[in-house]
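Colleague: I would like to learn how to read the packing, the strand pairing and the charged pairs of a model such as this one. Could we go through these features in turn?

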Amino acid sequence: MIIVGWIASSSRGHRGALASLILGAYDQSGRLIHVGQVGTGFSAAVRGELRERLAELAITEPPFDRSPPHELATAVHWVQPRLVGTVEYREYAGSLRHPSWRGLRTEIDAADVGLPE
């Protein structure tokens, strides 16, 4: 999946830390669309490393070709869709079900990431 944004934690003691990643993929027409988010599978060290890398890719508007879900409109820190990660999930039915982060995939170009089958 392509990382297109992140949400900061609002819990005491962790405020501002990475809480979850917003994910996207390209559909058959080449449009970047929202496929869900993932908030589990990260160690504290990985959260910190990702947060630093994502800061370098910050943008002000969502990178999707269509508007993202309304609940993401104000809470997300958007990033250029360049980083790709592996996400384990149970099923994809318009969004990922029970996703868990597995790690960055630096050998995969974001332009090659399509929708889950």
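Colleague: Which residues of the largest nonpolar core touch the most other members?

Modeller: A nonpolar core is a set of buried Ala, Val, Leu, Ile, Met, Phe, Trp, Tyr and Cys residues joined through side-chain atoms within 4.5 Å, where buried means under 20% relative accessible area, exposed over 50% and partly exposed in between, with a 1.4 Å probe and protein chains only. Here the largest such core has 30 residues, and Ile3, Leu21, Ile22, Leu23, Leu54 and Trp101 touch the most other members. At least two core residues each come from strand E1 (2-8), strand E2 (18-26), strand E3 (32-38), helix H1 (44-55) and strand E4 (76-78); these elements are DSSP runs numbered from the N terminus, with at least four residues for helices (H or I) and at least two for strands (E).

Modeller: Before we go on, please keep in mind that this is a predicted model, in which local features need pLDDT of at least 70 and side-chain atom pairs count only at pLDDT 80 or more, whereas totals for chains, interfaces and linings use all residues. Residues are numbered from 1 along each chain as its sequence is written, and side-chain values use heavy atoms, with hydrogens and water left out.

Colleague: What does Trp101 touch, leaving out residues up to four places away in sequence?

Modeller: Contact means heavy atoms within 4.5 Å, and on that basis Trp101 touches Ile3, Leu21, Val38, Thr40, Gly41, Phe42, Val46, Leu50, Gly85, Thr86 and Val87. Val87, one of these partners, has its place in strand E5 (residues 85-88) and is buried, with a relative accessible area of 10%. With neighbours within four places again set aside, Val87 is in contact with Met1, Leu23, Val38, Leu96, Pro99, Ser100 and Trp101. Val87 and Gln37 are 50 residues apart in sequence, yet their C-alpha atoms are 9.7 Å apart in space.

Colleague: How should I read the sheet, and in what order do its strands run?

Modeller: Strands of a sheet pair through backbone hydrogen bonds, either parallel or antiparallel, and two strands are taken as paired if DSSP finds at least two bridges between them. In this model 4 strands form an open sheet in the order E3-E2-E1-E4, with antiparallel pairing. E3 and E4 are the edge strands, each pairing on one side only, and neighbouring strands are turned by 30° against each other on average, direction ignored. E1 and E4 pair over 3 bridges, and the bridge partner of Gly5 in E4 is Trp78.

Colleague: Where does H1 lie relative to these strands?

Modeller: Axes are lines fitted to C-alpha atoms, for helices over the stretch in contact, and angles run from 0 to 180 degrees between N-to-C directions. H1 lies across E1 and E2, running at about 60° to E2.

Colleague: How many salt bridges does a search of the whole structure find?

Modeller: A salt bridge is a side-chain nitrogen of Lys or Arg within 4 Å of a carboxyl oxygen of Asp or Glu, and the search finds 3. In one of them, Asp27 and Arg31 have their closest N and O atoms 2.9 Å apart; Asp27 is buried at 12% relative accessible area, whereas Arg31 is partly exposed at 35%. In another, Arg102 meets Glu88 at 3.3 Å, N to O, a pair that links distant parts of the chain, with Arg102 in strand E8 (residues 100-104) and Glu88 in strand E5, 14 residues apart.
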